Amino acid sequence: MRAARSQLVVVWIVLFLGPCLALAAEPARRSILVLDQSEAKSAFYNAVFFGLRSTVSKASGEPVNIYIETFDLSRFKSELYEASLKSHLRTKYTDRQPGVIVTVGGEALKMALRWRAELWPNVPLVFSLVSEQTISRLNPGPDVTGSLVRLRFEDMLTAARAVVPDLTQLALVGDAWDTQTVYGDLKDEIPAATDGVAIIDLVGLPMSELRTRVAALPPRTAIAYTGIYSDGHDTFYSPLEALGHFADVANAPIVGTAETFVGPGAIGGFVMMPARIGQEAAQLALRILDGESASQIPVTLGNSVQPVFDWRQMQRWGVKESDLPPDSETLFREPGLWELYAWQMAAIVAVTGLQSLLITALLYQRRGRRAAEGNARQRMTELAHVNRQATVGQLSASIAHELNQPLGSIYNNVEAATLNLSSPNPNLEEIGAILHDIKRDDQRASEVIRRLRRFLTLNTVERHEMDLNEAVREVFGILSMQAAARDVRLHSKLTQQRLRVKGDPIQIQQVILNLVVNGIEAVSGASNGIREIVCTSWASDRDLALLSIRDSGPGIAPDHLEKIFEPFFTTKEQGMGMGLCISRTIIEAHGGSLSVEGRPNGAVFHIHLPLAQLERT
């Protein structure tokens, strides 16, 4: 009976506890254990883990637990330390077996392969940050896959020649080759890769001596830096921290092997991209967690080594982007204006271009307008000349009379002198007086002809300072005979000041003459009353010369005041209607104004011109 009960208990245990025990022995389906050979604070390995974590987080499907163990093998490598790590991992993961193990670095892979059968039987393994030489030596066996890193000394030399085109020496800086966990295999490549370049071996030097040596390197030298963890005197660094200790005194550009070196001191090179290493490892681990066998996933060469350079260091050492290897990436390059403000610069260029086109169009239009204005001035000058000729034609009778007087006087004086000379006793004193009269009459006739000739000359406009009062006097001289013939008195009330204005004397005289002639014609039509033209001048407080020409004629009808300056408007039977229009145009071209004031007993025309100079006599 007791034997039967014991059998039933065993059966019950097998039936109910067997699946639970089997489940505990199997690996967890969605978990990754990362074994990292570095210390926890390493910037490079932190970037590897960040790439792995971000790739896993973005993957769809069930959540994945990630565990990470850092071994710090660059500083601790004893058998006792390894035994303590193994014991720690056995205790920690006894009831939490990972679904896949990811190793970072060759040393971490070696330890995982030694412990795998005892700690993680049947758990697939993915390696990363391992060279082809390391894998060929380890022969990891089945259910292992990974992504290889190909870091060659030849590539370091290529980068060195890019930053120092006439390279003759290459200084090697790093830990002793036999202690380097990542770059130890590079030593074997140096003899074949450095043909024609002398090697300056600074490997394994204490930091103080290293600083002195890199500060006094010969010209045409580059520095190849792998990594320093210890100066050999129990002073430990991270490779990034060690770089900062000597980069500031180095007199040559530093070619690095890791992306994390680019920026803190290295100019760049063919560097390992830690985030990409983590991404590639995560992608393989996820494939295994999703059901693929590690043995069926081939080991491949990863894409984690790329040419990367620091733009700031390139500026320091005078390296151009065109000198870099093909497909190089440039970090920390200061963007230009176009990169910082692309759309703003495009807008500025567009606005500037539009403005340039507008300015060009305006200049073209201005040129055309100036040409048109020049032609208009020329036509106006010609028209004014025609107007003067017409006016002189109207004055021809009075001009002829004015010339006949001195010419007739000369003739009479010549006859008197002839008679005197033919007498027995010529009176020489009287003959002298006659000659003096002849000279005076000749000058009078000459002055009449001079004024008329100058008035009729077609010249280009020449502006210079002139006396407005003198212009009035000359016009009155020209018109005196016509006014007298029509019984019109010309009267001037000119200021004692000299009214200096800047203008063309002929054109200013033409305006005054037109206005006085119009006044004479208006007064001539009056049947009775005062028959006079009064011209008044004075200087205003606003630096203007003012000239008023008033006649005592019948005045201007109110409905004609608005039209009187319009072209071809006239109240005369034989007038062209251009005199007042031309006069206003001339005065406005001189910066002044011409206006009219209607009165019951005549009209008053007002001329305003800017003063050039005010002189008191």
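Which residues do ring pairs link into a cluster? They are Tyr225, Phe246 and Phe261. Rings of Phe, Tyr and Trp (its six-membered ring) pair if their centres lie within 6.5 Å; planes under 30 degrees apart count as stacked, over 60 as edge-to-face and the rest as tilted. This is a predicted model, where local features need pLDDT of at least 70 and side-chain atom pairs count only at pLDDT 80 or more, while totals for chains, interfaces and linings use all residues. Residues are numbered from 1 along each chain as its sequence is written, and side-chain values use heavy atoms, leaving out hydrogens and water.

**Aromatic rings**
- By this pairing rule, the count is six aromatic pairs.
- One of them joins Phe44 and Tyr45 edge-to-face, at 5.4 Å centre to centre and 75° between the planes.
- Phe44 counts as buried (under 20% relative accessible area, with exposed over 50% and partly exposed in between; 1.4 Å probe, protein chains only), because its relative accessibility is 9%.
- Tyr45 is buried as well, with a relative accessible area of 5%.

**A charge over a ring**
- The charged end of Arg312 sits over the ring of Phe332, 4.1 Å from its centre.
- For this, NZ of Lys or CZ of Arg must be within 6 Å of the ring centre and within 35 degrees of the ring normal.

**The whole protein**
- The protein has 19 helices and 20 strands, taken as DSSP runs (H or I, at least four residues, for helices; E, at least two, for strands) numbered from the N terminus.
- Of its 617 residues, 43% are buried.
- Among contacts (heavy atoms within 4.5 Å) between residues at least 6 apart in sequence, 71% join residues at least 24 apart.
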